[in-house]
Amino acid sequence: METVNYRKLKTSHPGDPPLPALLFLHGFPTSSRLWRHQVKYFHERGFSVCAPDLLGLGDTSKPAVAEAYRASLICKDIIEILDAEGLHIVIAIGHDLGSKVASRLANFYPERFQAYAFLAVPYCAPRPLSKMDHSLRLTKKMCGYELCGHTHFYAEDNADKIIENHLDSFFSAMFPSDPKMWVTQVAPIGALKSWLERDAKAPMASYVKPEDITVWRNLVSQEGIAAALCWYKALVSGVNADDDKPIPLERYPVHQPVFFAAANHDYISRSTLGVAIINYNCKNATIREFQDGHWLMMSSPAEVNAALFSWIMDCIY
């Protein structure tokens, strides 16, 4: 992965104690633009900030094969970027797919990170025996509907064309003003595909600015979304599970400080499940609950930024 495809901001003030660099890892279907409120906030406070566009998304390379999206390869790329930028004391902050990347950075390269923060989507321990069908059955039993039916759709061979042909419908489903619509129109098996094929549309959340959608829509229009969907093909096909097999059991728990921002109105990454996962796997955890949906860094930036800043200061002093 070429470092030229990544964005970094760095400020320092002589005489100040060294601050850790902050690595912001976004998810699907966005880009590093997702973190614009956080990048500005922490940059102004003297932090070095690295906010990459992840492989297949934003302005990066877009290989269209699932094997390229093994977490071990993605993490290796991230470490190379940190090395190239001279960033050695780092806190990783992930959301959505970025939380999966931050999780594997904790498993593969724990010595490189001072702490980890997970927004909406919690730490994901290695799952070498994971099967999508089992996850679908289990989440339906626990929650009354499948939490990852959309993931199954993203891995279908024609999903890219369906999304590309209904982009307004797709983005309205990703960023709805009513996050609870995910319960019926996104998460269950077949729901999102049906939504798109009907070209259905929902009111867009007010915190998503027109220029945000314009940027993300143009990227899909120009380069397609097939590469980005390979993240999900790697999950459904078993590539991810295979990639987890070499991780030793002693690397499963996270020993460094962890911050989890639980989004109480995220109806796919349910906050109650996320809190339980964090408490089980992360013994030095700080948990904050937010009355927000999945995109809390956009919907409540001031509150999220203040919580992150307070936790980071506690970590380094």
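**Notes on a predicted model: rings, a pocket and a cavity**

1. Please keep in mind while reading that the model is predicted. Phe42 belongs to the buried residues of helix 1 (residues 36-44), which are Gln38, Val39, Tyr41 and Phe42. An α-helix has 3.6 residues a turn, so residues three or four places apart point the same way. Just after helix 1 comes Gly46, whose phi is positive, at about 95°.

2. Where does the partner ring, Phe24, lie? Phe24 is in strand 2 (residues 21-25) and Phe42 in helix 1, so their pairing ties together parts that are 18 residues apart in sequence. Phe24 also has a relative accessible area of 0% and is therefore buried. A pair of aromatic rings is described by the distance of the centres and the angle of the planes. For Phe24 and Phe42, the centres are 6.2 Å apart and the planes meet at 45°, so the pair counts as tilted. The count for the model comes to 19 aromatic pairs.

3. Another pair to look at is Tyr154 with Tyr232, which is tilted, with 4.8 Å from centre to centre and 55° between the planes. This pair links distant parts of the chain, as Tyr154 sits in helix 5 and Tyr232 in helix 11, 78 residues apart.

4. Next, the open space. The largest pocket holds about 1400 Å³. Its lining has 48 residues, and those nearest the centre are Val121, Cys124, Arg127, Cys148 and Leu235. Which helices each supply at least two residues of this lining? They are helix 3 (97-108), helix 4 (132-143), helix 5 (149-154), helix 11 (226-237), helix 12 (239-244) and helix 13 (271-281). By residue type, the lining of the largest pocket divides into 30 nonpolar, 12 polar and six charged.

5. Asn107 deserves a look of its own. This residue is placed in helix 3, and at 1% relative accessibility it counts as buried. What joins the side chain of Asn107 to that of Tyr123? The link is a polar contact of 3.0 Å. Leaving aside neighbours within four places in sequence, Asn107 is in contact with Tyr123, Cys124, Pro126, Ile247, Arg251 and Tyr252.

6. Rolling a probe the size of a water molecule over the atoms shows where empty space is left. The count comes to one cavity of 30 Å³ or more, and the largest cavity has a volume of about 110 Å³. Its lining consists of Pro29, Thr30, Gly56, Leu57, Gly58, Lys62, Trp216, Leu219, Val220, Gly224, Ile225 and Ala228. Helix 10 (residues 210-223) gives the largest share of that lining, three residues. The lining of the cavity divides into seven nonpolar, four polar and one charged.

Notes:
Residues are numbered from 1 along each chain as its sequence is written. This is a predicted model: local features need pLDDT of at least 70, side-chain atom pairs count only at pLDDT 80 or more; totals for chains, interfaces and linings use all residues. Side-chain values use heavy atoms; hydrogens and water are left out. On a 1 Å grid over the protein atoms alone, a cavity is a set of points where a 1.4 Å probe fits but cannot get out, and a pocket is an open set with protein on both sides within 12 Å along at least five of seven lines; lining residues have an atom within 4 Å of a point. Grid points are joined across faces, edges and corners, and a volume is the space filled by probe spheres set on the points. Helices (H or I, at least four residues) and strands (E, at least two) are DSSP runs, numbered from the N terminus. Ala, Val, Leu, Ile, Met, Phe, Trp, Tyr, Cys and Pro count as nonpolar, Asp, Glu, Lys and Arg as charged, and the others, Gly among them, as polar. Buried means under 20% relative accessible area, exposed over 50%, partly exposed in between (1.4 Å probe, protein chains only). A polar contact is a pair of N or O atoms within 3.5 Å; within protein, one must be able to donate a hydrogen and the other to accept it, and residues adjacent in sequence count only if both atoms are side-chain atoms. Contact means heavy atoms within 4.5 Å. Rings of Phe, Tyr and Trp (its six-membered ring) pair if their centres lie within 6.5 Å; planes under 30 degrees apart count as stacked, over 60 as edge-to-face and the rest as tilted.
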